[in-house]
Amino acid sequence: MDTIYNHRAIEDKWRRIWEEKPVNPKDDKKPKYYCLDMFPYPSGAGLHVGHWRGYVISDVWSRYQIMHGKYVIHPMGWDAFGLPAENYAIKTGQHPSISTAKNIANIKRQVKQIGAVYDWDMEINTTDPSYYKWTQWIFVQMFKHGLAYEKQMPLNWCPHCKAVLANEEAEGGICERCGTPVTKKNLRQWMLKITAYADRLLDGLKDLDWPEKVKKMQTDWIGRSYGAEVDFPLKDQPDKHITVFTTRPDTLYGATFMVLSPEHPMVKELTTEDKREEVEAYCSQAANKSNVDRVQNKEKTGVWTGSYAIDPLNGAEVPIWISDYVLADHGTGAIMCVPAHDQRDWDFAKKFGLKIIPVISPDGSDMKDMKEPYVEAKGKMINSGDWNGMDSDKLKAEAPDMIQKMGLGKRTVNYKLRDWVFSRQRYWGEPIPIIHCPKCGAVPVPEEDLPVVLPDVKSYQPTDTGESPLASMEDWVNTTCPCCGGPAKRETNTMPQWAGSSWYYLRYVDVHNDKELVSRDKADKYLPVDMYIGGVEHAVLHLLYARFWTKFLHDIGVVDFDEPFHKLFNQGMILGPKGIKMSKSLGNVVSPDDMIEDYGCDSLRMYELFIGPPELDSAWDDRGIEGINRFLKKVYKLVIEESAKDAPETKELIRLRNQMVKTITTRLEAFSLNTVVSGFMEYTNTLTDIAKKGGVDKKTLETLAVLLAPFAPHLSEELHQHLGYTSSVFEEKWPEWDEKLTEEDEIKMPVQINGKTKAVISLPKDIDKESALKAAREEISDRLTGNVVKEIFVPGRIINFVMR
């Protein structure tokens, strides 16, 4: 057989064989293992080598599980609704349905080049009505359970994408899709009450085998804090009050003013006539700023309403101000300000000449000459009536109950998490299955009438008004109310792109079911996901939403688990050659098509792993894949040539084989995939050296081929077949090692004179002291020229001669 490695012929051959006889046929007699990729957006640019990384990692892990006797669920699909696909269609002048279909076909071709064991019978597409019927069904169930509701509110608006964005999509004050600064627009929106699940979303994190970084990101985003809601009566209307949330109710005596958000519902009635023009102008300016700009702006701005509230503890008048650093959707939209103990409040008070009253002192002193706020929680209470002298830490814990007992408020928990803004004023998305009736209000589309199919339109471009393009489709919009039969109109907003991806992992296992989202039998048998692999950029968006939907589906009995993904692995990005993120606009994209043509799929797979630790970002270097290709050629040549020799098994080869199995397996289990590849290189070099001296036995060659199978599957199949097997290498059981057989017969020991190493010698592992000293003396006899006063032998460690 030719010892020249022809990657094209080998890979074409095994792709055809796998097509006819898959290596992972469905077998319910085997234990299941569900390994899932984050499915791709079908972008027009197609896949680059950076996209390959996660898919290669998941395929290696899937094939490894197959060789442990498991039936592996490893599906692929397309997250094809939403802004990315629609913006590409607008840019190219094609209808989204046409451009999306073309992009899917191209990326599917590229995905198949990876040689992964995807089960294409499970393929899904979020734009398929048979799929989004069930996305709409979930929304209807949420509506019926009070979790979907309408609300008029100021929302994040991207003027470039012409779409409303959820807070999670506008983090940092810019659109996460196009990078445009976000403004505000007051629109009617559909909301999902994710806040109802805040505690469960937070508490459930502790049991997940996820990266700590991701768990912290979700913890911070949910932002649970404990404190009290306190009611401040209005000076001129004592029957009314403003409620604030505070984590520091112990500092209530130091509240010298309060601040409302410009959107607070009481701003209008609190504003006195002499302040009205100033207040209205300020509120108008605030409406054009993003939340991030408002909160992060170091230059505090504000305006007094002209009204006062009353501190409920000491009866002091508290001026009511408005400032854009207070947000309507955080807490109650109103805060009490204690400038002596908060930097932001201090800056505001100093700017506008407001009172500063210290109520916590580190040592109990009066704190009259404060130069800066005392922000530490520890100290003694001062200027606080009956609370004077109390330990502030102790009071902080007890104050919420004390305030509740006095009838001034209540102990409560607050969250940074806001309800999910769920509607988009775009065309390319799932229609929201709601009918608006003048008599009956918002009515869900009957389940038997789902799906509400997205109509085909000629003009799908977004509008400047914030109204969906669907609003102009009168024949589609006008309908009858399912409750009263009267004239009604369909909801024209569509769902965000996150809708279809919030539950897609469920549908894979029952993709052809037209009676239910997923049968309970298949859900119990195949779900949840055992290993989820994808980028950390989805830590707060997709992963949080998927957990929320799963918990809801659990609550209504669709599934019997409430966490979708047991284990999560976030792969790092592959950057361009100069360490910059790959981007078509930067011209630094490396296409996998060219790499496969020149070096083969297996070479690219292994270089994707070798380029660096899989959880870290790594820069692409074409020279690296050349080295991997040379390594695979060496493996091919070694197995082909040595298999013809029929060399005997030696003690050295048995030890090396067991060491190789142990090293590759333990590194793979630890997801240290780059060191797995380097381990293969080291053992291949050692075996090549042994081959030159006497030959490598067939069992060692077989073991090498089997171990390599998850990483370079085409080459491994070819070598396995060459070694005489008619079955697939993936029908082989993953090799095991015998720990005793990994141990070396000899050990290397340093020989020292007066503590300085002069030589290193190989000795039998169980050598006795006298024999070891004798061998050491012989090795350094020319240096033992003085008087040896002591001979030290530490078994397995050192031999030291002390001389004078």
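How many cavities of 30 Å³ or more does a search of the whole structure find? In this predicted model, the search finds one.

**The cavity**

The largest cavity has a volume of about 80 Å³. Its lining is drawn from several stretches of the sequence: Gly82, Leu83 and Glu86, then Glu169, then Arg424, Arg426, Trp428 and Gly429, and finally Thr494, Met495, Pro496 and Gln497. By class, four of these lining residues are nonpolar, four are polar and four are charged.

**The nonpolar cores**

The largest nonpolar core holds 176 residues, and the members that touch the most others are Trp420, Trp549, Met606, Trp620 and Phe680.

| Nonpolar core | Size | Some members |
|---|---|---|
| Largest | 176 residues | Trp420, Trp549, Met606, Trp620, Phe680 |

Beyond its neighbours within four places in sequence, Trp420 is in contact with Ala166, Trp190, Met191, Leu192 and Ile194, with Pro496, Trp498 and Ser502, and with Tyr545, Phe548 and Trp549. Among these partners of Trp420 is Pro496, which also lines the largest cavity.

**Ser392 in helix H12**

Helix H12 spans residues 392-405 and contains Ser392. Is Ser392 buried or exposed? Ser392 counts as buried because its relative accessibility is 0%, and the cut-off for buried is under 20%. When residues up to four places away in sequence are not counted, Ser392 touches Asp250, Ile360, Ala377, Lys378, Gly379 and Met381.

Terms used
Residues are numbered from 1 along each chain as its sequence is written. This is a predicted model: local features need pLDDT of at least 70, side-chain atom pairs count only at pLDDT 80 or more; totals for chains, interfaces and linings use all residues. Side-chain values use heavy atoms; hydrogens and water are left out. On a 1 Å grid over the protein atoms alone, a cavity is a set of points where a 1.4 Å probe fits but cannot get out, and a pocket is an open set with protein on both sides within 12 Å along at least five of seven lines; lining residues have an atom within 4 Å of a point. Grid points are joined across faces, edges and corners, and a volume is the space filled by probe spheres set on the points. Ala, Val, Leu, Ile, Met, Phe, Trp, Tyr, Cys and Pro count as nonpolar, Asp, Glu, Lys and Arg as charged, and the others, Gly among them, as polar. A nonpolar core is a set of buried Ala, Val, Leu, Ile, Met, Phe, Trp, Tyr and Cys residues joined through side-chain atoms within 4.5 Å. Buried means under 20% relative accessible area, exposed over 50%, partly exposed in between (1.4 Å probe, protein chains only). Contact means heavy atoms within 4.5 Å. Helices (H or I, at least four residues) and strands (E, at least two) are DSSP runs, numbered from the N terminus.
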